[in-house]
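Please walk me through this predicted model. Begin with the aromatic rings, then move on to the sheet and the helices packed on it.

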Amino acid sequence: MTRLRQQKIDNIQVPDLEVEGDVNDADLLIVGFGSTYGHLHSAMDELRAAGHKVAQAQFKYLNPLPKNAAAVLSRYKKVVVAEQNMGQLAAYLRMKVDNFVPYQFNQVKGQPFVVEELVNAFEDILKK
């Protein structure tokens, strides 16, 4: 029964994961989920304005993952998963995508991300 239920979930058609920004040549891919989109997009815009090659992918569906998720996540040199929790999305993606080892930006404040903090953290990752 468990396998039957999983097969039903696996057969759900979800749209491909879309990438914005420097899609083909980004040095950093910013990954988020849900309501973090606006803050992450603003951080991406600021980084790009400063001359960095950055892209963003925002998950809308997690189970099942978009069929192109593994291909997107493995295309970039550096990937950071930004979350307002203790890293559940990064852990889930590590479990579902072979050899995926992202950088993580986690905050648990009960407040939205601050774009300046995101930009500073992402610049540090780009320097590594």
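The count of aromatic pairs in this predicted model comes to 2. One of them joins Phe-105 and Phe-122. A pair of aromatic rings is described by the distance of the centres and the angle of the planes. For Phe-105 and Phe-122, the centres are 6.1 Å apart and the planes stand at 70°. That angle is over 60 degrees, so the pair counts as edge-to-face.

The pair links distant parts of the chain. Phe-105 belongs to strand β5, while Phe-122 sits in helix α5, residues 115–127. The two are 17 residues apart. Both Phe-105 and Phe-122 are buried.

Now follow β5 into its sheet. Strands of a sheet pair through backbone hydrogen bonds, either parallel or antiparallel. Strand β5 (residues 103–106) pairs with strand β4 (residues 78–83) in the parallel sense, over 4 bridges. The chain gets from β4 to β5 through helix α4, residues 88–96. This β-α-β crossover is right-handed. Within the strand pair, Val-80 stands opposite Tyr-103. Val-81 stands opposite Gln-104.

Step back to the whole sheet. It is open and has 5 strands, in the order β1-β3-β2-β4-β5. The pairing is mixed. Which strands stand at the edges? They are β1 (19–21) and β5. Each has a single partner strand, so one side of each is left without a neighbour in the sheet. On average, neighbouring strands are turned by 25° against each other, direction ignored.

Helix α5 lies across β2, β3, β4 and β5. It runs at about 155° to β4. This is the helix that holds Phe-122 of the edge-to-face pair.

What comes after α5? Lys-128 is found in the segment after that helix. Is Lys-128 buried or exposed? Its relative accessibility is 61%, and the cut-off for exposed is over 50%, so Lys-128 counts as exposed. Leaving aside neighbours within four places in sequence, Lys-128 is in contact with Lys-78 and Tyr-103. Tyr-103 is the β5 residue that stands opposite Val-80. Lys-128 and Leu-89 are 39 residues apart in sequence. In space, their C-alpha atoms are 22 Å apart.

Definitions and conventions: Residues are numbered from 1 along each chain as its sequence is written. This is a predicted model: local features need pLDDT of at least 70, side-chain atom pairs count only at pLDDT 80 or more; totals for chains, interfaces and linings use all residues. Side-chain values use heavy atoms; hydrogens and water are left out. Two strands pair if DSSP finds at least two bridges between them. A crossover is right-handed if, with the strands pointing away from the viewer, the path from the first strand over the helix to the second runs clockwise. Rings of Phe, Tyr and Trp (its six-membered ring) pair if their centres lie within 6.5 Å; planes under 30 degrees apart count as stacked, over 60 as edge-to-face and the rest as tilted. Buried means under 20% relative accessible area, exposed over 50%, partly exposed in between (1.4 Å probe, protein chains only). Axes are lines fitted to C-alpha atoms, for helices over the stretch in contact, and angles run from 0 to 180 degrees between N-to-C directions. Contact means heavy atoms within 4.5 Å.
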